[in-house]
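Let's take a friendly tour of one protein model.

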Amino acid sequence: MTLEELVGPSGTDKKMQTVTQARGALEELLVAAQRQDCLTVGVYESAKLMNVDPDSVVLCLLATDEEDEDDIALQIHFTLLQAFCGDNDINILRVSGTRRLAQLLGDDTADSNGNEPRDLHCILVTNPQVQPLQCQALQDVSRFCEEIRCRNQWVPCLKLQDR
């Protein structure tokens, strides 16, 4: 019997499994929320909704890729959104992989009218009181956010992978 068999999987293996599970749950949640019209997409639209009805927001995704790192205006928006979410007990998740987000939400290309794809830098998942979002993935993502916060990392990060 090896030491690994006696001790069990290392913390790193467990963390990797949690991240992989969280990534899958997030993708499932986004698809389900979009189907049930529980997504708000775009920095401006998200800020507007949070100002009007913050109690309906259960998750705020802040999405960037390497090319967005130098966008000071976007980083300022993110800082303000993170502060607001913290004050209102809204789960926050930083995500890299905007191409994968576009694939999941069906925003790969400009539409037939020549309009640009939606701004995927900020996505809110809402849970209306009238007809609550019934999704195990929401609970899984919320649990992941809570576990990461318990490890003193205020804003968890996930990297979505293109398929």
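The largest pocket is lined by Thr64, Asp65, Glu66, Glu67, Glu69, Ser96, Gly97, Thr98, Arg99, Lys159, Leu160 and Asp162. A pocket here is an open set of points on a 1 Å grid over the protein atoms alone, with protein on both sides within 12 Å along at least five of seven lines, and lining residues have an atom within 4 Å of a point. This lining has 1 nonpolar, 4 polar and 7 charged residues; Asp, Glu, Lys and Arg count as charged, Gly among the polar ones, and Leu as nonpolar.

The model is predicted: local features need pLDDT of at least 70, side-chain atom pairs count only at pLDDT 80 or more, and totals for chains, interfaces and linings use all residues. Residues are numbered from 1 along each chain as its sequence is written, and side-chain values use heavy atoms, leaving out hydrogens and water.

Now for the charged pairs. Side chains of opposite charge can pair when their charged atoms come close. The count comes to 2 salt bridges, each a side-chain nitrogen of Lys or Arg within 4 Å of a carboxyl oxygen of Asp or Glu.

| Salt bridge | N to O distance |
|---|---|
| Arg100 and Glu27 | 3.1 Å |
| Asp140 and Arg143 | 2.6 Å |

Arg100 lies in helix α5 (residues 98-105) and Glu27 in helix α2 (residues 11-35), so their pair ties together parts that are 73 residues apart in sequence. Helices are DSSP runs (H or I, at least four residues), numbered from the N terminus. Both Arg100 and Glu27 are buried, meaning under 20% relative accessible area with a 1.4 Å probe, protein chains only.

How values were computed: On a 1 Å grid over the protein atoms alone, a cavity is a set of points where a 1.4 Å probe fits but cannot get out, and a pocket is an open set with protein on both sides within 12 Å along at least five of seven lines; lining residues have an atom within 4 Å of a point. Helices (H or I, at least four residues) and strands (E, at least two) are DSSP runs, numbered from the N terminus. Buried means under 20% relative accessible area, exposed over 50%, partly exposed in between (1.4 Å probe, protein chains only).
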